[in-house]
Amino acid sequence: MDTAIFNRLAQLIAATCNVDEQLITPDSHLFHDLGIDSLAMLDLAFDVRQEFHVKLPIEDWARVLAAGGLEDCNPFVVKHLAAYIEADAAAAQHHAAEIK
């Protein structure tokens with residue numbers, strides 16, 4: 001996990017969701033540990049898209065989790081969310097380089 005992405009994500013979570021940044025750790029679960037509700041999650045997804053140019057597939061993740069999937073890599077845990085952002089941003093940069 002990229003430390004810069006984690007730090008910026010923690011700042012976004014704190015600002016967008018009104019959470020004390022000191023409480024945000026890599027293992028924090030957005031809903032269970034930080035108390036973020038679904039409306040705040042949508043706001044966070046918007047801010048993530050603006051900041052990192054990454055669209056979070058929240059509805060898809062929720063469906064898969066409800067069906068029992070993604071248990072080892074829950075995208076609502078901050079470190080996994082940061083890793084998703086890092087991977088998606090890297091893929092977008094790679095794709096852009098291929099187009100040139």
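The model is predicted, so local features require a pLDDT of at least 70 and side-chain atom pairs a pLDDT of 80 or more, while totals for chains, interfaces and linings use all residues. Residues are numbered from 1 along each chain as its sequence is written, and side-chain values use heavy atoms, with hydrogens and water left out. The protein chain has four helices and zero strands; helices (H or I, at least four residues) and strands (E, at least two) are DSSP runs, numbered from the N terminus.

**Overall fold and surface**

- From the N terminus on, the order of elements in the protein chain is α-α-α-α.
- Of the 100 residues of the protein chain, 34% count as buried; buried means under 20% relative accessible area, exposed means over 50%, and partly exposed lies in between (1.4 Å probe, protein chains only).
- The accessible surface of the protein chain is about 6200 Å², and carbon and sulfur atoms hold 52% of this area. Accessible areas come from the Shrake-Rupley method with a 1.4 Å probe, and for residues only the protein chains shown count as cover.
- Among contacts in the protein chain with a separation of 6 or more, 55% join residues 24 or more positions apart; contact means heavy atoms within 4.5 Å.

**Nonpolar core**

- The largest nonpolar core has 28 residues, and those with the most contacts inside it are Ile13, Ile24, Leu30, Ile36, Leu56 and Ile85.
- Helices α1, α2, α3 and α4 are the elements that each give two or more residues to this core.
- Helix α1 supplies the largest share of this core, eight residues.
- A nonpolar core is a set of buried Ala, Val, Leu, Ile, Met, Phe, Trp, Tyr and Cys residues joined through side-chain atoms within 4.5 Å.
- In soluble globular proteins, nonpolar side chains tend to be buried together.
- Leu56 is in contact with Met41, Ala45, Val48, Trp61, Leu81, Tyr84 and Ile85, leaving aside its neighbours within four places in sequence.

**Salt bridges**

- The structure holds three salt bridges, each defined as a side-chain nitrogen of Lys or Arg within 4 Å of a carboxyl oxygen of Asp or Glu.
- Glu51 forms a salt bridge with Arg8, with 3.1 Å between the closest N and O atoms. This pair links distant parts of the chain, since Glu51 lies in helix α2 (residues 38-52) and Arg8 in helix α1 (residues 3-17), 43 residues apart.
- Glu51 is partly exposed at a relative accessible area of 34%, and Arg8 is partly exposed at 28%.
- Lys79 and Asp27 meet through their side chains in a salt bridge (2.6 Å, N to O). Lys79 is in helix α4 (residues 78-99) and Asp27 in the loop between α1 and α2, so the pair links distant parts of the chain, 52 residues apart.
- Lys79 is partly exposed at 31% relative accessibility, and Asp27 is partly exposed at 49%.
- Asp60 and Arg63 meet in a salt bridge (2.5 Å, N to O) between their side chains. Both residues lie in helix α3 (residues 58-66), three residues apart, which is about one turn of the helix.
- Asp60 is partly exposed at 40% relative accessible area, whereas Arg63 counts as exposed at 53%.

**A buried asparagine**

- Asn74 lies in the loop between α3 and α4 and counts as buried at 15% relative accessibility.
- The side chain of Asn74 reaches the backbone nitrogen of Phe76 at 2.7 Å.
- Asn74 also touches His29, Leu65 and His80, not counting residues up to four places away in sequence.

Definitions and conventions
Polar contact = N/O pair within 3.5 Å; in protein donor to acceptor, adjacent residues only side chain to side chain.
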